[in-house]
Structures are given as C-alpha cells and as structure tokens.
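Please examine the sequence and the structure shown below.

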Amino acid sequence: MSTAPGESSVTAPGALLLCRAHPESVGPAAQLLRERMLLTGAGPEWSVLVPEGKPWRHGAEPVDRVLTGWASALAVGAPWPVLALWWDADHSGCTLASGFRRTVGYEWLTNGTPVGEDEAMRTFAARLGLDPVLDMQSLEQLTKPDPAADARARVRGLLAVLTRAGVMLPAGLGPGEPTDRLREVARIQPGAEQIEWSGWRAAVRAELDVMEGGGLASWFRGEKARALATAELAAGLPLTAWGVRRRSAGWIAAGALLVIHGALGLAFGQLRAFD
C-alpha cells in the first residue's frame, strides 16, 4: 500500500487513538465509530486504534477535527481516557478526552513552534496520573521553542513521556508515518483485530457483553449510573444534530455513541436492578 497520489510520507496525514484499556473493552466501543480500524495492544494497560482515515484522506475534514470527535466519542461512555495523536503537512498535535470533562489539546506547527496553553499540559499530566514534577518538566519542554525539533519530533517526545505511564507502541507505529504504513505495521502485530461496522444489532450486543462480562457491570448500576445515562442521552441527540449540520463525521459519531451508551446504560440498569 502507498500514500495517496500527490502525497509524500512527509506530508501525508496520519493518526492514532490510544485508549487506556485492554483491546477487548476498546473493540466494541470503536465499532460504533463506523470507521474501519485496526486494534492492537500498546502496553500492559493500553490499546491503540489505527483508523483507515477516509474523512481526511478524501478531503472531507481535517484530521485533527475528526480525531477530536472520535476521541470524545470513545471516552465519554467509558471509564478510561483516550488520547488522539495526529499529524499532517501543516501541524501535529494531541487531544486527550476523558468522560464528560472538557477535552484538552495541544499542537505544534510544522517547524515545531508550540501553539497552545501551558495549562493544557498540566491538565494533561494530572488526568493521566503522570509525575507532577519529573514528567511535568518533560512536558513543559515541549511547550518551549526548540529549533532542532519539528512538529512530529514533538509528538514523539510526548510519547516518550507516556512510556512512564505504560504506553509501549509497537516499532514502526509512531508519529510521522502515513496512514497506509501505520496500518501495515498494526496488521502484523500479534492479536491485531480488524474493527469494522457490522450493523447496530451486533454493535449493541457487543456493548452489552462488555458491560456484563468485562468487569464493568458495577459501573453501570446505581443512581449515579442512571444519572450519567440520562445525561448522555440529553447531550447526544443535539450533538448528533450539530454534527450532521457541520457534516462532521467525528462529532456525529460522538453524538451517536452518547445516545447509544445512554440508552444501553438505562436498559442495563433496569435489567440488573434486582440482581
């Protein structure tokens, strides 16, 4: 496989979604994004999704906007955070999504110039449980001018910090590579799984299996769980409509996932209320 016509490996966009969860928990949620992806492990407690990238490869949306929507969609209905890493010819960056909390992002221009607020890195470190002194010092270096580091080197620097949080990406699966090359590397990893849309019935069944058998059942019970499910439904419907108006695949997926998780959460709570 090769990059799209007119693209070199230097300018071709690419993206990764790092989830702080095992692949068996990530797979059912990722299926609801309705995008072909490859899923593999990225450390003892992490998984990585490598999307096919139709929205940005066909020019419908920029890669950063799509990845922000997808990260929000995956994280909002799950008890684990999602970190999106993305790059294209103009810039590279990251977005951290965690539950209903506001997403946190940072980016760098092609030449490595930081574009973001220092507070974002502090929030980033706190939400991922990084060392507030040593790791924070390393993150702060990424927000300072460095003529020797371009945008993709900055994202590699971010990943170096994340190794201390348990992230271990397979060799060749890193920032700067085009989508096709990333997928080639992911495909040959032990236990790699192809994620693709198989219809609503199968997707909902898979989600219920995760709720019931994946050690998360208690997370979907009780008054707090019902309140969360109701909030997901209330937020998901208008978000889906907004995504449709903007023709944003990422935000349509985020809204749809909110609606599905909300509905399943309420149904699961009712069915298991007397267990």
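In the protein chain, 64% of the contacts with a separation of 6 or more join residues 24 or more positions apart; contact means heavy atoms within 4.5 Å. The model is predicted, so that local features need pLDDT of at least 70 and side-chain atom pairs count only at pLDDT 80 or more, while totals for chains, interfaces and linings use all residues. Residues are numbered from 1 along each chain as its sequence is written, and side-chain values use heavy atoms, with hydrogens and water left out.

The chain contains ten helices and eight strands, taken as DSSP runs (helices H or I, at least four residues; strands E, at least two) and numbered from the N terminus. Of its 275 residues, 50% are buried, that is, under 20% relative accessible area with a 1.4 Å probe, counting protein chains only.

A nonpolar core is a set of buried Ala, Val, Leu, Ile, Met, Phe, Trp, Tyr and Cys residues joined through side-chain atoms within 4.5 Å. Two such cores are listed here.

| Core | Size | Residues |
|---|---|---|
| Largest nonpolar core | 36 residues | Most contacts inside it: L18, L85, F124, L130, L139 and L162 |
| Second, separate core | 27 residues | Including A15, V26, A30 and L67 |

Beyond its neighbours within four places in sequence, L85 is in contact with G14, A15, L16, L18, G93, C94, V155, L158 and L159.

Helix α3 (residues 63-76) is mostly covered, with 13 of its 14 residues buried.
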